[in-house]
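Hi everyone, thanks for coming along. I'd like to walk you through one structure today, piece by piece. Have a look at it first, and then I'll start talking.

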Amino acid sequence: MFQLGKTIVSEDILQKEFVCNLSACKGACCVDGDAGAPLLDEETKILEEIYPKIKHLLRPEGIAAIEALGTWHIGVDGGQETPLIDEKDCAYVIFDGKTALCGIEQAYNQGIIDWKKPVSCHLYPIRVKDFTEFAAVNYDKWDICSPACSLGKELEVPVYKFVKEALIRRFGQNWYAELEKVAEELKNE
């Protein structure tokens, strides 16, 4: 672990390798698990604003979950998160054949909205836990991502480079530049 500004960062994000492999996992992170995607305060407002614009892209069961639970809700751990369909699939998930995709991201890709998706999804496999004085930035190892770890190793892409855009989105360009310096220093040790 090392400190970078007001973050405590796991060295795993510099040392582990990862590249999503949707053809292998079929988007399992959007349909497995026991909680929705964690949301920042400002993201709850964005979901409320964009829902009418993206609703037509969502599955009927996703729409039903959102209409029953809201565009976001408080999860069992007390945090804000996306609602789930029958405590499994994210309510915003859609399918391309057997592959789960983010309906929000599809709307973004189609130019319907200008928000890509919750930053927690964009950052994955990095999870950020906010505390009063700092944020912990950790690598989250999940069995369903084994194909992504294999592909990352094959392509030699460390986690922090795979999620560069998301890290900049969450912490800023200067923070990411400092992270790159730390990565280079560790590499040269």
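Predicted model: local features only at pLDDT ≥ 70, side-chain atom pairs only at ≥ 80, totals over all residues.

Is Val182 buried or exposed? Its relative accessibility is 17%, and buried means under 20%, so Val182 counts as buried. What does Val182 touch? Leaving aside residues up to four places away in sequence, Val182 makes contact with Phe2, Leu4 and Leu14. Ile74 is another story: from Val182 to Ile74 you go 108 residues in sequence, and the C-alpha atoms are 36 Å apart in space.

We've got 4 strands in an open sheet, in the order 1-2-10-9, and the pairing is mixed. At the edges you'll find strand 1, residues 2-4, and strand 9, residues 126-130, each pairing on one side only. Going from one strand to the next, the twist averages 25°. And what's packed on that sheet? Helix 10, residues 173-188, which touches strand 1, strand 2 and strand 10, with a direction about 150° from that of strand 1.

For anyone new to sheets, a quick reminder: strands pair through backbone hydrogen bonds, and they can do so parallel or antiparallel.

Now the pairs themselves. Strand 1 and strand 2 run antiparallel, joined by 3 bridges.

Pro125 lies in the loop between helix 6 and strand 9. The peptide bond joining Tyr124 and Pro125 is cis, with omega at about 25°.

Back to helix 10, and the helix it packs with. Helix 9 covers residues 164-171, and the axes of helix 9 and helix 10 are 7 Å apart, at an angle of about 125°. That angle makes helix 9 oblique to helix 10. Which residues meet there? From helix 9 we have Lys164, Leu167, Ile168 and Phe171, and from helix 10 we have Gln173, Trp175, Tyr176, Leu179 and Glu180. Sort the residues of that contact by type and you get 6 nonpolar, 1 polar and 2 charged.

Next up, aromatic rings. How many aromatic pairs are there? The count comes to 5 aromatic pairs. I'll show you two of the pairs. In one of them, Phe18 and Phe162 have ring centres 5.5 Å apart and planes at 55°, so we call the pair tilted. This pair links distant parts of the chain: Phe18 is in the loop between helix 1 and helix 2, Phe162 is in helix 8, and they're 144 residues apart. Phe18 is buried, at a relative accessible area of 1%, whereas Phe162 is partly exposed at 30%.

The other pair is Tyr160 with Tyr176. Their ring centres are 6.2 Å apart and the planes are at 40°, so that pair is tilted. Tyr160 belongs to helix 8 and Tyr176 to helix 10, and they are 16 residues apart. Tyr160 is buried at 7% relative accessibility, and Tyr176 is buried at 0%.

Glu87 isn't a glycine, yet its phi is positive, about 55°. You'll find Glu87 in the loop between strand 5 and strand 6, and it's exposed, with a relative accessible area of 70%. Glu156 has a positive phi as well, near 60°, and again it is a residue other than glycine. Glu156 is in the loop between helix 7 and helix 8. Buried or exposed, then, for Glu156? At 63% relative accessibility, Glu156 counts as exposed.

Notes:
Residues numbered from 1 in each chain as written. Heavy atoms only, no water. Pairing = 2+ DSSP bridges. Helix = DSSP H or I, 4+ residues; strand = E, 2+ residues; numbered from the N terminus. Axes fitted to C-alpha atoms, helices over the stretch in contact; angles between N-to-C directions. Contact = heavy atoms within 4.5 Å. Parallel < 35°, antiparallel > 145°, perpendicular 65-115°, else oblique. Nonpolar A, V, L, I, M, F, W, Y, C, P; charged D, E, K, R; others polar. Phe/Tyr/Trp six-rings, centres within 6.5 Å; stacked < 30°, edge-to-face > 60°. Buried < 20%, exposed > 50% of the residue type's maximum accessible area, 1.4 Å probe, protein only.
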